[in-house]
Amino acid sequence: MQEPTPEMVQSWKETYNTFRPGLKPNRKPIQDVIAYLKENYPVIERNEESLLQVVIDNVILNEYSAQKISTGKNPLPQVFQIENTGTGKHLYENQDDVFKGCDIIVGFELESGYFMVEGSSQLWGELFVYRGLDEEDLNNYYLVAEYVSCVQQSGIPGI
């Protein structure tokens, strides 16, 4: 990760201004995203406390994600590993250099609808496009720009 440059921010805002007017809320429930993952890739559930805690921390330490947890609710993490067989093999074969040799781990937080992917930017983009954006997300120029970029890269209809 790198700190955003003024040029990056300007680019995100330009993308936002271009595409935001045509976008409508289309965010799916996180259970649908989990079902999509399971239907399209061979997965095994991982229950190690350390992995579950990473998902929780990524939500509660991020103000934007944390606010999506209803008052009185606790984070509910779920973690999967993509197996390097069948359709999962394609993800491993196309890992970014920085991820080569790493397992592909997907974490979900069920209360906020947050998800994360370690080991595959391709899978992250695919799930991000599939999940979509809610009304609040559509007011965030970075998320809109990232969504547009992922849609354009994936060829999946979304904008």
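**Figure 1. Leu76 in the loop between α4 and β2 of the predicted model.** In this predicted model, Leu76 is found in the loop that runs between α4 (63–66) and β2. With a relative accessibility of 40%, Leu76 counts as partly exposed. Leaving aside residues up to four places away in sequence, Leu76 touches Phe108, Glu109, Leu110 and Glu111. Ser112 is 36 residues from Leu76 along the chain, and the C-alpha atoms of Leu76 and Ser112 are separated by 8.8 Å.

**Figure 2. Leu51 in helix α3.** Leu51 has its place in helix α3, which spans residues 49–60. When residues up to four places away in sequence are not counted, Leu51 touches Arg46 and Val79. Thr5, which is 46 residues from Leu51 along the chain, has its C-alpha atom 31 Å from that of Leu51.

**Figure 3. Leu37 and its contacts.** Leu37 belongs to helix α2 (residues 30–40) and is buried, with a relative accessible area of 0%. Beyond residues up to four places away in sequence, Leu37 touches Val43, Phe80, Ile82, Val106, Phe108, Leu123 and Leu127. Gly101, by contrast, is 64 residues from Leu37 in sequence, and the two are 21 Å apart in space, C-alpha to C-alpha.

**Figure 4. The largest nonpolar core and another core apart from it.** In soluble globular proteins, nonpolar side chains tend to be buried together. The largest nonpolar core here has 29 residues, of which Leu37, Ile82, Val106, Phe108, Leu123 and Leu127 touch the most other members. At least two residues of this core are supplied by each of α2, β2, α5 (86–93), β3, β4 (114–118), α6 (121–131) and α7 (141–154). The element that gives the most to this core is α7, with six residues. Another core, of eight residues, lies apart from it and has Leu52, Ile105, Tyr114 and Met116 among its members.

**Figure 5. The buried face of helix α2.** The buried residues of α2 are Ile30, Val33, Ile34, Tyr36 and Leu37. Seen down the axis of α2, these buried residues fall within an arc of 155 degrees, so they line one face of the helix. The elements against which the buried residues of α2 pack are β1 (43–46), β2, β3, β4 and α6.

Figure 6. In α5, the buried residues are Gly88, Leu91 and Tyr92. They fall within an arc of 95 degrees when seen down the axis of α5, and so line one face of the helix. The cover over the buried residues of α5 includes β2, β3 and α6, whereas on the other side of α5 Gly86 and Glu93 are exposed.

Figure 7. A pair of aromatic rings is described by the distance of the centres and the angle of the planes. With ring centres within 6.5 Å taken as the limit for a pair, the count comes to seven aromatic pairs. In the pair of Phe80 and Phe108, the ring centres are 6.1 Å apart and the planes lie at 70 degrees, so the pair is edge-to-face. This pair links distant parts of the chain, with Phe80 in strand β2 (residues 77–82) and Phe108 in strand β3 (residues 104–109), 28 residues apart. Phe80 counts as buried at 2% relative accessibility, and Phe108 counts as buried at 0%. Together with Phe115, Trp124, Phe128 and Tyr147, Phe80 and Phe108 form one aromatic cluster.

**Figure 8. Lysine side chains over tyrosine rings.** The charged end of Lys28 sits over the ring of Tyr130, at 4.5 Å from the centre of that ring. Lys13 lies over the face of Tyr141, where the distance from the ring centre is 5.2 Å.

**Figure 9. Cys102 and Cys150.** Cys102 is partly exposed, with a relative accessible area of 36%, whereas Cys150 is buried, with a relative accessible area of 7%. Where a disulfide is taken as a pair of cysteine sulfur atoms within 2.5 Å, the count comes to zero disulfides.

Methods: Residues numbered from 1 in each chain as written. Predicted model: local features only at pLDDT ≥ 70, side-chain atom pairs only at ≥ 80, totals over all residues. Heavy atoms only, no water. Phe/Tyr/Trp six-rings, centres within 6.5 Å; stacked < 30°, edge-to-face > 60°. Helix = DSSP H or I, 4+ residues; strand = E, 2+ residues; numbered from the N terminus. Buried < 20%, exposed > 50% of the residue type's maximum accessible area, 1.4 Å probe, protein only. Lys NZ or Arg CZ within 6 Å of the ring centre and 35° of its normal. Contact = heavy atoms within 4.5 Å. Core = buried A, V, L, I, M, F, W, Y, C linked by side-chain atoms within 4.5 Å. Arc of directions from axis to C-beta.
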